[in-house]
Amino acid sequence: MPDTVITGPTAPTIDPEGYAALHADATALLEGWQPTSPEAASARDRTLALLAAGPIAMSRQHRPGHITASALVLDSTGSRVLLCLHVKFGRWVQLGGHCEPIDQTLVGAALREATEESGIAGLRIDPVPIDVDVHQVQCQGGSAHYDVRFAVLAPPSAVEQVSDEAEELGWFPPDQLPEPLAGGTVQLIAPALAALRRSPLRLAP
């Protein structure tokens with residue numbers, strides 16, 4: 001999900017080598033990943049091509065495009081998904097955003113974003129991506145997000161808290177998603193449910 005856009009002369013300068021560990025992790029993760037659809041396979045190949053630029057590809061300062069991490073959060077029964085009505089573009093979307101220099105892995109970046117944006121402690125994440133998607137954004141005046149997506153499971157006691165980036169958070173059955181819905185969100189439902197069926201993160205009935 002897009003984060004706050006940083007533009008102009010006040011934008012901080014980031015040493016791309018601060019993303020070296022995250023870049024290595026992202027490259028290894030995607031090289032070993034089995035895509036969940038033909039579209040995801042194409043996006044994975046495009047993302048690996050972007051990663052050839054080096055660690056700078058992990059930073060939002062890389063205008064040609066940069067890696068982001070997002071998460072589709074499901075409740076403990078797998079019967080509802082948590083979506084955010086985003087402040088800036090007014091659509092419902094999964095949680096996620098930019099990688100930060102503190103992130104050492106893409107899984108960690110996605111889990112951090114999901115925790116920050118949901119306010120829910122104790123989230124558990126499947127470390128195998130469920131999708132990769134490339135889309136244009138207005139970040140840095142016009143760029144592209146190469147978004148690597150994961151499935152996340154909330155604890156039974158989860159109570160969400162709206163962050164500054166959201167107008168609203170809501171739980172929805174997978175077959176009754178809200179409108180207007182961001183492009184690319186619906187395609188996460190099937191692979192997320194499949195991931196939670198096979199994953200040790202799945203809670204026992």
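User: Helices (H or I, at least four residues) and strands (E, at least two) are DSSP runs, numbered from the N terminus; in which strand is glycine 96 found?
Analyst: The model is a predicted one, in which local features need pLDDT of at least 70 and side-chain atom pairs count only at pLDDT 80 or more, while totals for chains, interfaces and linings use all residues. Residues are numbered from 1 along each chain as its sequence is written, and side-chain values use heavy atoms, with hydrogens and water left out. On that basis, glycine 96 belongs to the run of residues 95-98, which is strand 4.

User: In what order do the elements of the chain run from the N terminus on?
Analyst: The chain holds four helices and eight strands. Read from the N terminus on, these elements follow the order α-α-β-β-β-β-α-β-β-β-β-α.

User: What percentage of the residues of the chain count as buried?
Analyst: Buried means under 20% relative accessible area, exposed means over 50%, and partly exposed covers what lies in between, with a 1.4 Å probe and protein chains only. Glycine 96, with a relative accessible area of 0%, is therefore one of the buried residues. Across the 205 residues of the chain, the buried share is 51%.

User: Why is helix 1 roughly antiparallel to helix 2?
Analyst: Two packed helices are described by the angle between their axes and the distance between the axes. Axes are lines fitted to C-alpha atoms, for helices over the stretch in contact, and angles run from 0 to 180 degrees between N-to-C directions. Helix 1 (residues 20-31) and helix 2 (residues 38-51) pack with their axes 10 Å apart and at an angle of about 150°. Angles under 35 degrees count as roughly parallel, 65 to 115 as roughly perpendicular, over 145 as roughly antiparallel and the rest as oblique, so the arrangement of helix 1 and helix 2 is roughly antiparallel.

User: Which residues of helix 2 make the contact with helix 1?
Analyst: Helix 1 passes helix 2 in a left-handed crossing (the near helix is turned anticlockwise from the far one by less than a right angle, whereas clockwise would be right-handed). From helix 1 the contact takes in His23, Ala26, Thr27, Leu30 and Glu31, and from helix 2 Arg44, Thr47, Leu48 and Leu51.

User: How many disulfides does the count come to?
Analyst: A disulfide is a pair of cysteine sulfur atoms within 2.5 Å. Cysteine 84 is buried because its relative accessibility is 1%, and cysteine 99 is likewise buried at 1%. By the distance rule, the count of disulfides is zero.

User: How far apart in space are alanine 71 and alanine 151, C-alpha to C-alpha?
Analyst: Alanine 71 sits in strand 1 (residues 66-74) and is buried, because its relative accessibility is 0%. Leaving aside residues up to four places away in sequence, alanine 71 touches Gln94, Leu95, Ala110, Ala114, Phe150 and Val152. Alanine 71 and alanine 151 are 80 residues apart in sequence, and their C-alpha to C-alpha distance is 5.6 Å.

User: Is valine 162 buried or partly exposed?
Analyst: Valine 162 lies in the loop between strand 7 and strand 8, where it touches Glu167, Glu168 and Leu169, not counting residues up to four places away in sequence. Its C-alpha atom is separated by 8.5 Å from that of cysteine 84, 78 residues apart along the chain. With a relative accessibility of 48%, valine 162 therefore counts as partly exposed.

User: Which strands do the buried residues of helix 4 pack against?
Analyst: The loop between strand 8 (166-172) and helix 4 (189-198) contains proline 180, and the peptide bond from glutamate 179 to proline 180 is cis, with omega near -5°. In helix 4 itself, Ile189, Pro191, Ala192, Ala195 and Leu196 are buried. The partners of these buried residues are strand 1, strand 2 (81-86) and strand 7 (143-153).

Definitions and conventions:
Contact means heavy atoms within 4.5 Å.
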